Amino acid sequence: MRIDNQSGKVYIAGHRGMVGQAIWQHLDGVGYENLVGRTSDELDLRDPHATRQFFEEEQPDFVVLAAARVGGILANDRYPADFIGDNLAIQQSVINAAHETGVDRLIFLGSTCIYPKHAPQPMSEDSLLTGPLEPTNQWYAVAKIAGHKLCEAMHRQHGDDMVTLMPTNLYGPGDDFDLETSHVLPALLRKAHEAKGAAPDGSDAPVTLWGSGEPKREFLYVDDLADAVRFVLETPKDEIREVAPDGMLNVGIGEDLSINDLMALIQDIVGHNGPVEHDRSKPDGTPRKLVDTSRLDTLGWQADTALRDGIETTYDWFKQRVTSNVER
Ligand code: GFB
């Protein structure tokens, strides 16, 4: 039995980011009539007083906490204080305000980098805190673990309905394509696109991959995550707790591939035929992070965007953005 939440007020924290935007469009598209968002200029979620005031004024029924400082392997490694500090502060303000103002359900978005670096694959929710973290993203991971634990504690102590979704590596339209801060998929799309015909003789210039290319990653299209958020919003609390007593649900597609194979797929989509080189001074990070999705499978949800289709849509979005920037 699904819950009909469509007339409830849903606050999407972080609605201008790739994830928040996709959630907004998806909920809007399926008939949610009462969506609320604030830009970071309008409301600094690191400020607990401003956040509390916003919750008191708006009185949302549901909260999707998609606001976070995020980035790829290099950004995580370079800005550890921002990644741990901002995320802890945002989570603390929003989760406390939701508790204090009696929100019906909060969905907190984490990441699968919270699992130990050498967790058995596929990684189940039970592997949380069973071993050391990957050093490059430990700062972000510690913040996200604390966010989940705060939700779990709110449920345990106060009975609050707070659920954490742990999506695997996300990609899609609206992603960050800045080569210093982005994740691997948008970075490789951009690099392959820009290398086309860029050699002095007009052939395709080389593309440089960071690290060995051997690590494996699982990629989830952001609209699939948005649909998982909708699905969880509409699933009765008891059904969720039956499969997830700790309130934690992995979200993935159940398949991964090496970064070298991702590069080959992107070359095929973009039409790049030049060589691929490796910058081995850059870190590899976690060797593999395939998630075990059996909890969400049991509840009845599965991702349905094939990797190739998702990358093609993301590439179309990127090309349009590049063209409109040039025309401006
Ligand atoms: O996507 P990514 O930055 O993050 O890197 P993580 C994944 C893999 O791709 C690493 C390699 O082995 C990178 O070395 N890679 C190859 C590249 N070429 C590139 C490139 O041009 N750019 C980038 N960015 N990577 C992040 C965490 O880890 O994943 C976050 O740091 C978060 O905290 C996020 O959990 C989902 O998958 O290694």
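Trainee: Which residues of the largest nonpolar core touch the most other members?

Mentor: In this predicted model, the largest nonpolar core holds 33 residues. In soluble globular proteins, nonpolar side chains tend to be buried together. Within this core, the residues touching the most other members are Val-19, Ile-23, Leu-109, Leu-165, Leu-225, Val-232 and Leu-249.

Trainee: Which element supplies the largest share of this core?

Mentor: Several helices and strands each give at least two residues to the core, including β1 (9-13), α1 (18-29), β5 (162-167) and α7 (222-233). The largest share amounts to 8 residues. The element that supplies this share is α7.

Trainee: How many residues of α7 are buried?

Mentor: A residue is buried when its relative accessible area is under 20%. Helix α7 is largely enclosed by the rest of the structure, because the number of its 12 residues that are buried is 11.

Trainee: How far apart are the end C-alpha atoms of α7?

Mentor: Helix α7 has 12 residues, and at 1.5 Å a residue they should span 16 Å. The distance in the model agrees with this expectation. The end C-alpha atoms are apart by 17 Å.

Trainee: How far from Cys-151 is the nearest cysteine sulfur?

Mentor: A disulfide is a covalent bond between the sulfur atoms of two cysteines. The structure holds 0 disulfides, and Cys-151 is in none. Cys-151 counts as buried at 1% relative accessibility, and Cys-113 is buried with a relative accessible area of 6%. The nearest cysteine sulfur to that of Cys-151 belongs to Cys-113, at a distance of 16 Å.

Trainee: In which helix do Arg-52 and Glu-56 both lie?

Mentor: The side chains of Arg-52 and Glu-56 meet in a salt bridge, with 2.7 Å from N to O. An α-helix has 3.6 residues a turn, so residues three or four places apart point the same way. Arg-52 and Glu-56 are 4 residues apart, about one turn of the helix, and both lie in α2 (residues 48-58).

Trainee: Are Arg-295 and Asp-246 buried or exposed?

Mentor: The side chains of Arg-295 and Asp-246 meet in a salt bridge, 2.8 Å from N to O. This pair links distant parts of the chain, 49 residues apart, with Arg-295 in helix α10 and Asp-246 in the loop between α8 (237-243) and β10. Arg-295 has 12% relative accessibility and Asp-246 has 17%. Arg-295 counts as buried, and Asp-246 likewise counts as buried.

Trainee: Which helices hold Asp-268 and Arg-308?

Mentor: Asp-268 forms a salt bridge with Arg-308, the closest N and O atoms being 3.1 Å apart. The pair ties together parts that are 40 residues apart in sequence, because Asp-268 and Arg-308 lie, respectively, in α9 (residues 259-270) and α11 (residues 307-327).

Trainee: Which residues do salt bridges that share partners join into one network?

Mentor: Side chains of opposite charge can pair when their charged atoms come close. The count comes to 23 salt bridges. Those that share partners join into one network Asp-44, Arg-46, Arg-69 and Asp-86.

Terms used: Residues numbered from 1 in each chain as written. Predicted model: local features only at pLDDT ≥ 70, side-chain atom pairs only at ≥ 80, totals over all residues. Heavy atoms only, no water. Core = buried A, V, L, I, M, F, W, Y, C linked by side-chain atoms within 4.5 Å. Buried < 20%, exposed > 50% of the residue type's maximum accessible area, 1.4 Å probe, protein only. Disulfide = S-S within 2.5 Å. Expected span 1.5 Å × (residues − 1). Salt bridge = Lys/Arg side-chain N within 4 Å of Asp/Glu carboxyl O.
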